[in-house]
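Open the model in your viewer and keep the selection panel at hand.

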Amino acid sequence: MGHVNLPASKRGNPRQWRLLDIVTAAFFGIVLLFFILLFTPLGDSMAASGRQTLLLSTASDPRQRQRLVTLVEAGQHLQPIEYCPAEAVAHMPCEDPRRNSQLSREMNFYRERHCPLPEETPLCLIPPPSGYKIPVPWPESLHKIWHANMPYNKIADRKGHQGWMKREGEYFTFPGGGTMFPGGAGQYIEKLAQYIPLNGGTLRTALDMGCGVASFGGTLLSQGILALSFAPRDSHKSQIQFALERGVPAFVAMLGTRRLPFPAYSFDLMHCSRCLIPFTAYNATYFIEVDRLLRPGGYLVISGPPVQWPKQDKEWADLQAVARALCYELIAVDGNTVIWKKPVGDSCLPSQNEFGLELCDESVPPSDAWYFKLKRCVTRPSSVKGEHALGTISKWPERLTKVPSRAIVMKNGLDVFEADARRWARRVAYYRDSLNLKLKSPTVRNVMDMNAFFGGFAATLASDPVWVMNVIPARKPLTLDVIYDRGLIGVYHDWCEPFSTYPRTYDFIHVSGIESLIKRQDSSKSRCSLVDLMVEMDRILRPEGKVVIRDSPEVLDKVARMAHAVRWSSSIHEKEPESHGREKILIATKSLWKLPSNSH
């Protein structure tokens, strides 16, 4: 009580001391928080949480996302775009099971492409899995790959006894087997060669439907046959990613409600080994799609059910009936394998058949196949201009350089084709000799040309140990038929959507005229963002992979700014001296970066 009666001037000021204590505590608190954030796992965790908040906000708030895109485009976003969470290592935006599971099961609609709008997706870079290594080089990769690059044991556990693949130490190995050929694809292909001219260049392009890990396509490469393999994203998880990691041409697709993204008469050989496609269902709709894609005089091979399969007598009878209705010649039934040859002339469809098959009206474009609903009518060979039957078209490799008839029917097609071939021979020589692009390097196997036109870039690489996915933008002239007539492969695609492949599946990406891929026709406005396209290119490019972009100096200046944002190192070079126009060449390399710890 002693101080109660002291005058106010003699007492301490409690309020002043409380404020000083708060300021002091706050200062030490900030210092402590700084050390926690900088030096402890909690800091990593909090930072990761903050990044996740940012990513979620760019996905849930279109305005926030657009602000970020605008900053990146202007070069004002000084830090690289954030990385996606660790669980996104195998993310394919258009084949996301969580999104697609809500859709109709009818004709497997839910397993086809269904892309989110850009504003619905977080703007982030897909990380590699923990322990990722630069892939095993070709051709060694055909037989083994790093387990750490694709740590998914499901196929090896389920299919190891059939020779699909096995886990051996640090590697997955591929003995070459399959469900219908546990003794190996080589043995199976030898059996087919008794009935089909697999040697000598008659057959060049093949489509392997429901391909597993693509041992059939990988083995055919030694015969000079270029097989494109496809399968949906399914319960086996990543079978197409395994195929691409091996260096075998493959992409993700589902034969459901739409045409596959190829022109009419693309493939000399179509193959199904236990692909489980119900060819005769829905009035034989799927067999009709196979017929659209198979070149006249080409071969169809089906192994497994329903071919002489127990308890599938009706399905087997129906399959034979459809083939007869289309006048396919039965070459052989060998065990559970059937081989047919497609007729060369116009379809012999009778007016009456048990499936109600009819010839397509001339108004149905036979080669339109980007989000094009399947038709229950048969394509007339005469509706596809030009000579395209096996026996008429040149053998491989002559067909690579001969002007295809489907190019000649275009306006000035002969001149355009020959000029294009000369242009790309000159350009690729410049890439190799002056820009030091090592296209024959063991690290380059899977190559993509994002704007392929006649496939001139790919044609110059035909003798190299690479394969090229030639992409024809769906809004440009549909020249993919010319590419297949040359004995090359590719798909239709719209680059305002993600591509149907897993992350990290291409070693080298080439694009001529990148801005044209996203422009509106007859307009200078864009349909989508160049930032999103660059992020997608980063998704499908392997670490240490290269990108070559040709465009105007103004466009490449923008691309260079965005290259920094997606963590690429880049440089701009002059074009080859003989070329006209203002374009320059940007070369970029993707770095191998890894997620920080605690970034899940």
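Start with the surface of the protein chain in this predicted model.

Switch to cartoon. The protein chain shows 17 helices and 17 strands. Of its 600 residues, 54% are buried. Now display contacts with a separation of 6 or more: 69% of them join residues 24 or more positions apart.

Next, the interior. In soluble globular proteins, nonpolar side chains tend to be buried together. Select Met 209, Phe 279, Ile 514 and Met 537. These four touch the most other members of the largest nonpolar core, which has 142 residues. Then select helix H16, residues 530-540: this helix gives the core its largest share, 7 residues.

Stay on Met 537. Leaving out residues up to four places away in sequence, Met 537 touches Met 450, Ile 509, Val 511, Ile 514, Val 547, Ile 549 and Trp 568. Another core, of 20 residues, lies apart from the largest one; Leu 220, Val 301, Leu 390 and Ile 393 are among its members.

The largest cavity holds about 270 Å³. To find its centre, select Arg 113, Ala 253, Arg 258, Pro 261 and Ser 500, the closest of its 22 lining residues.

Color strands E6 (250-252) and E13 (489-493). Each supplies at least two lining residues, and E13 has the largest share, with 3. Finally, color the lining by residue class: 13 nonpolar, 2 polar and 7 charged.

Technical notes. Residues are numbered from 1 along each chain as its sequence is written. This is a predicted model: local features need pLDDT of at least 70, side-chain atom pairs count only at pLDDT 80 or more; totals for chains, interfaces and linings use all residues. Side-chain values use heavy atoms; hydrogens and water are left out. Helices (H or I, at least four residues) and strands (E, at least two) are DSSP runs, numbered from the N terminus. Buried means under 20% relative accessible area, exposed over 50%, partly exposed in between (1.4 Å probe, protein chains only). Contact means heavy atoms within 4.5 Å. A nonpolar core is a set of buried Ala, Val, Leu, Ile, Met, Phe, Trp, Tyr and Cys residues joined through side-chain atoms within 4.5 Å. On a 1 Å grid over the protein atoms alone, a cavity is a set of points where a 1.4 Å probe fits but cannot get out, and a pocket is an open set with protein on both sides within 12 Å along at least five of seven lines; lining residues have an atom within 4 Å of a point. Grid points are joined across faces, edges and corners, and a volume is the space filled by probe spheres set on the points. Ala, Val, Leu, Ile, Met, Phe, Trp, Tyr, Cys and Pro count as nonpolar, Asp, Glu, Lys and Arg as charged, and the others, Gly among them, as polar.
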